[in-house]
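Student: Could you walk me through this model? I would like to begin with the strands.

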Amino acid sequence: MASQSLITEELKKVIGVPTEPTVIEIDKSAIARFCEAIGDSNPMWLDEDYARCRRNGGAVAPPTFLAAARMRGIRPTVPHGLKRVLDGGGEWEFYRPVRPGDVLTVTSKVADLTEREGKMGRMLFTVTETVWKNQGNELVAKARSTSINY
Amino acid sequence: MAKQIYWEDVQVGTEVTPLKKSPTSRQLVQWAGASGDFYEIHYDKDFAVSTGLKGTIVHGLLKVSFLGQMMTDWVGEQGALKKIGCQHRGMDFPGDGIVCKGKVTKKYVQDGEHLVECEIWAENPKGEKTAPGTAIASLPSKAK
């Protein structure tokens, strides 16, 4: 039985269109909450005095801090009408450390849409690419992640 | 902090120091607040069950961050995590333990940086790899 494709013409139009840039100010308390949530007490992230004379010359956010910040309304809207979502995974590349006080500009776009028949019905796989730049317009990080809607 | 590891200290097959985590519902709520991911499957059991899950599940990005912590702990203050990625193949449930593990699969020098590539994964109590992936990190070299 052929079921209708989830990838409509309307959805195809979303592919490759970048979002308006979102500006994120990195504040120390957000980094502290992040570290507390994962249970990471590395002084490189939170202790400015300790970190000053080390590799980064001051406290920096743990690299995956940006992966979590991804959730703050920066992803493109894909009007698929599906209610359920699972995280399929992703990869993140880190080019420069992120420091408290940095102002990052984030843009993302849908790079690919695919579909597959799964245990819970037809599933839509959305691959989103995200780029973070800092206030000096330097590349900070890039990500490519997959979400699964069904 | 553990003793600094150097590029010369590792070989293909060297184990990344494992990191044990025991996420609770409380931690998932903390993570929801810290990450901004308030999807109910992570803290509302009735909602999670209504979507076909067996119960609330651990956020995928929390597992990525656990894997990231394993890597930053292992590479130490003079190392740096350059890349991390994983697929979410299986679900983890609050109350079950998760162990992050990894091993070196490649070591090389590129653009003057001493790098290692590692196979990494999060493992559930049954020994299943729920989040397999890879990481690339730079390590300090004794030669420098």
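Tutor: In this model, 10 strands form an open sheet with antiparallel pairing, in the order β1(A)-β3(A)-β4(A)-β5(A)-β2(A)-β2(B)-β5(B)-β4(B)-β3(B)-β1(B). Two strands pair if DSSP finds at least two bridges between them. Helices (H or I, at least four residues) and strands (E, at least two) are DSSP runs, numbered from the N terminus.

Student: Which strands stand at the edges?

Tutor: β1 (22-25) of chain A and β1 (15-21) of chain B stand there, each with a single partner strand, so one side of each is left without a neighbour in the sheet. From one strand to the next, the twist averages 25°. Axes are lines fitted to C-alpha atoms, for helices over the stretch in contact, and angles run from 0 to 180 degrees between N-to-C directions.

Student: Before we go on, what should I know about the model and its numbering?

Tutor: The model is predicted: local features need pLDDT of at least 70, side-chain atom pairs count only at pLDDT 80 or more, and totals for chains, interfaces and linings use all residues. Residues are numbered from 1 along each chain as its sequence is written, while chains are lettered from A and ligands numbered from 1 in the order in which they are written.

Student: How many bridges join β2(A) to β2 of chain B?

Tutor: There are 5 bridges between β2(A) and β2(B), residues 80-87, and the two strands run antiparallel. Within this pairing, G90(A) stands opposite C86(B), and E91(A) has G85(B) as its bridge partner.

Student: And how many residues does each chain bring to the contact?

Tutor: Chain A brings 29 residues and chain B brings 32 residues. Two residues are in contact if their C-beta atoms, placed from the backbone, lie within 7 Å.

Student: Which elements give two or more residues to the side of chain A that touches chain B?

Tutor: They are α2 (28-38), α5 (65-69) and β2 (85-94) of chain A. β2(A) gives the most, with 9 residues. By class, that side of chain A has 13 nonpolar, 6 polar and 10 charged residues. Here Ala, Val, Leu, Ile, Met, Phe, Trp, Tyr, Cys and Pro count as nonpolar, Asp, Glu, Lys and Arg as charged, and the others, Gly among them, as polar.

Student: Let us turn to the individual chains. What is the make-up of chain A?

Tutor: Chain A has 5 helices and 5 strands, running α-β-α-α-α-α-β-β-β-β from the N terminus on. Its C-alpha trace spans about 65 × 30 × 20 Å along the principal axes. Of its 150 residues, 32% are buried. A residue is buried if 20 or more other C-beta atoms lie within 10 Å of its own, exposed if 12 or fewer, and partly exposed in between, with C-beta atoms placed from the backbone.

Student: And chain B?

Tutor: Chain B comes to 3 helices and 5 strands, in the pattern β-α-α-α-β-β-β-β along the sequence. The C-alpha trace of chain B spans about 55 × 30 × 25 Å along its principal axes, and 41% of its 144 residues are buried.

Student: What does helix α3 of chain B lie across?

Tutor: Helix α3(B), residues 60-75, lies across β2 of chain A together with β1, β2, β3 (98-110), β4 (113-123) and β5 (129-138) of chain B, and runs at about 145° to β2(B).

Student: Which residues have the most contacts inside the largest nonpolar core?

Tutor: They are F66(B), L67(B), M71(B) and A137(B), in a core of 61 residues. α3(B) gives the most to this core, with 9 residues. A nonpolar core is a set of buried Ala, Val, Leu, Ile, Met, Phe, Trp, Tyr and Cys residues joined through C-beta atoms within 7 Å. Leaving aside neighbours within four places in sequence, M71(B) is in contact with V16(B), L81(B), I84(B), A135(B) and A137(B).

Student: One last topic, the backbone angles. Where is N137(A) placed?

Tutor: N137(A) is in the loop between β4 (121-133) and β5 (139-149) of chain A. N137(A) has a positive phi of about 60° although it is not a glycine. Most residues other than glycine have a negative phi. In chain B, D111(B) also has a positive phi, near 50°, and lies in the loop between β3 and β4.

Student: Is D111(B) buried or exposed?

Tutor: D111(B) counts as exposed, with 5 C-beta neighbours inside 10 Å. N137(A) is exposed too, with 7 other C-beta atoms within 10 Å.
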